[in-house]
Amino acid sequence: MQSQIQIGVIGPEVLFEKIRECLQMFPNFQPIFRLSNQILDAPAFTRELADQVDVLLYSGWSPYSLSKPDIPSHIPAHYIPLKGSGLYKALYKIKQTQPRVIGLSIDTMPSAEVNRALRELNEDFNVCFYEETFHLERIEEMISFHQNSFICGKTNGAITGVKMVADELTRLNIPNQWAVPTIDDIIVTLERTLLSTKKRRNRESQIVFGMIQIDAYHEIVNQMTSEHLIQRQNLRLYRMILDYVEQLEGHLTPLSGNEYMFITTRGVFERITQGYKWIPLINEAKKQLKMKLSMGVGFGLSANEAGTHARIALMQAKDFGGESCFIVKEDRSVFGPVEVSAPIAYPLYITDETLLKKAEEAGMSAVYQQKLISLVKRKKDSQFTAHELAETLGITARSAHRIILKWLDAELISIIGMEKMSTRGRPRQVYRLNDSNLLKL
């Protein structure tokens, strides 16, 4: 049985039946609908669904562009474009109400698409295009564009992709058609959405190999006065690397005294490094242990390929002068050096007894707990939501909720209230750290 893909569908109520009918052809999709004839509700719906879905689908470009700032980076989002079939339908309907069309004013549709449709229909009437990109603050401007074109006699009808504009034009007695996507448009978009989601899942499950090597290891060993000190230093480094690999949800294997290998998946690696933006392990090893590390990370379509690329990446890091991290992707393209300083200051090696005890009670790593505490410190407020944690850490909302459940069970945090994002959106729980002493660590 194929796994279900949670898809959030945002659009007007009038398109519900049409989209639902099309979704029945795609059994992999498990839809969650958020419907409203008010386009202003789209961003609030986006924030609400971000905690629940794998992919977002918008009924058109307008709600998508309005919601874009609220779409989390880790969630794919698609919109149903107005293609030829939807445009033909709008032209057909407006010609039914206006047998003799002298001109049309059109917004939110590509002029090339419209002109091609008119050529195929052998229509040569005047067309006035609203060329500006859709923004909510331009609604009144769009309405005035259609109204002025109608009053001055250039047009005797309008086609718009925004329902709010269509409703106002109807109130002004200006003949118009609200262009909506057809079933064909919706099916094509769903096919594209399914394909991109499967590709993303396949890519996220790719194996990632990492190779870590201590720079000038023999010089460090020669400076130590006893085998006991060497073993103690190796143990401290092993614990530090192990804590970092635990964040990556990976598996660590020591290869020799000065080399380690870890295995994880690409999706986790991309989220923890925030898109390969930072890998703080190297910086922390230098600061805490006075040891310099080189790291190579390899992507591949097979374990053998990923391991080979990791070794190549490690060689690139050594050639760069060491104390750096390089990545070799599946196409053998090289990315690096990766930034080694984390944007949020937190140690990878935890020795504080209080923090270790709290972490043990919570059933999670002290490193990850310290990372979350650092986020709260940065906010200068002990209150936070699951959405804030997910967005800042670059993890999924589901992962953030799992972490929060552990904190709740260990009584590290408590629920202090609900945050209402909109009149329609589902309230979010607000949490607070119970122990203020943790913030002093």
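Val 328 has Val 334 of strand S14 as its bridge partner. Strand S13 (residues 325–328) and S14 pair in the antiparallel sense over two bridges; two strands count as paired if DSSP finds at least two bridges between them. Strands (E, at least two residues) and helices (H or I, at least four) are DSSP runs numbered from the N terminus. The model is predicted, with local features requiring pLDDT of at least 70 and side-chain atom pairs pLDDT 80 or more, while totals for chains, interfaces and linings use all residues. Residues are numbered from 1 along each chain as its sequence is written, and side-chain values use heavy atoms, without hydrogens and water.

S13 and S14 belong to an open sheet of six strands, ordered S10-S11-S9-S12-S13-S14, with mixed pairing. Because S10 (251–256) and S14 (334–335) stand at the edges with a single partner strand each, one side of each is left without a neighbour in the sheet.

Two helices lie across this sheet. Helix H10 (residues 227–247) lies across S9 (207–214), S10, S11 (259–265) and S12 (293–299), at about 150 degrees to S10. Helix H13 (residues 303–319) lies across S9, S11, S12, S13 and S14, at about 145 degrees to S12. Contact means heavy atoms within 4.5 Å; axes are lines fitted to C-alpha atoms, for helices over the stretch in contact, and angles run from 0 to 180 degrees between N-to-C directions.
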